[in-house]
Amino acid sequence: MEIILELKNVNVSYDGKQALSNINMKLPKNKITCIIGPSGCGKTTLLKSLNRMIEQEIEASFTGDVLFEGQNTRTMSEEVLRRKIGLVYQTPTPFPFSIYKNMAYAPTYYGVKDKTKLDALIVEKLKQANLYEEVKDDLGKNATKLSGGQQQRLCIARALTVDPTVLLLDEPCSSLDVKSTEKIEQLLLGLKEKYTIVVVTHNIFQAKRISDYTAFMYEAELLEFATTDALFSSPQHKKTQAFIAGLYG
Ligand code: ADP
Ligand code: MG
């Protein structure tokens, strides 16, 4: 099993209140890892620590190390780090302009000047995000006019335009209906051949359906990390057992 990202002794506190307590974690490459746990246990904070986005938040204090492909991320530029490890937010956040412009934004910034190349890249990434067929005749349409599920797939497609290695998603289906959720889940399953995917979810059934590994967090700690099969069939901690049995949320 190849490890792509590793957290070593990561601690995060907000104004002195601990949100992550000495996290050590190794993420396997080209797998889907789900992070589950009750509200407020630190899932989003953990996700934002994986690309050190957390350091942008003024009230957060971060210590510890994050290794990406064995390299300490402190030796990497922020730009490279954010590009290699993309983050997709809970609520879809398309820019309020056309689908095409949303998709062209980052690659243009990173220097793709040739229009033919740019168009080909946009088509390729929309296809990867299972959105192309639905929008191909209307790339000029304002992205905010798309349905919630389409907006979320656009955000994933947009994240893919800078050729990341890891994709982090924070409760990507929390505002979506069953059908749109299913589309996102299918999409993520298809993407793991090329990308390593980490998904925060409050839905334990989603974790069961899509993930290879599951991390269970509780009160700022990573209580358990195992293959999804092992975690759900033989949880090691009482807190995990009770959580997956639905005894608390
Ligand atoms: P989760 O995603 O599991 O719901 P979070 O990582 O968002 O948990 O939050 C963990 C803890 O840190 C919670 O107690 C939350 O209230 C607190 N917290 C999160 N963000 C901030 C912030 N920007 N300022 C202060 N406290 C925060
Ligand atoms: Mg959260």
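At what angle do the axes of helix 3 (residues 99-109) and helix 6 (residues 148-160) cross? The legends below begin with this pair. The model is predicted, local features need pLDDT of at least 70, side-chain atom pairs count only at pLDDT 80 or more, and totals for chains, interfaces and linings use all residues. Residues are numbered from 1 along each chain as its sequence is written, ligands are numbered from 1 in the order in which they are written, and side-chain values use heavy atoms, without hydrogens and water.

**View 1. Helix 3 and helix 6 cross at roughly 30°.** Their axes (lines fitted to C-alpha atoms over the stretch in contact, with angles from 0 to 180 degrees between N-to-C directions) come within 8 Å. Helix 3 is therefore roughly parallel to helix 6 (angles under 35 degrees). Helices are DSSP runs of H or I with at least four residues, and strands are E runs of at least two.

**View 2. The shell around ligand 1 has 13 residues.** A shell residue has a heavy atom within 4 Å of the ligand. Gly40, Lys43, Thr44, Thr45 and Glu59 are the closest. Helix 1 (43-50) and strand 2 (17-28) each supply at least two shell residues; helix 1 gives the most, three.

Definitions and conventions
Angles under 35 degrees count as roughly parallel, over 145 as roughly antiparallel, 65 to 115 as roughly perpendicular and the rest as oblique.
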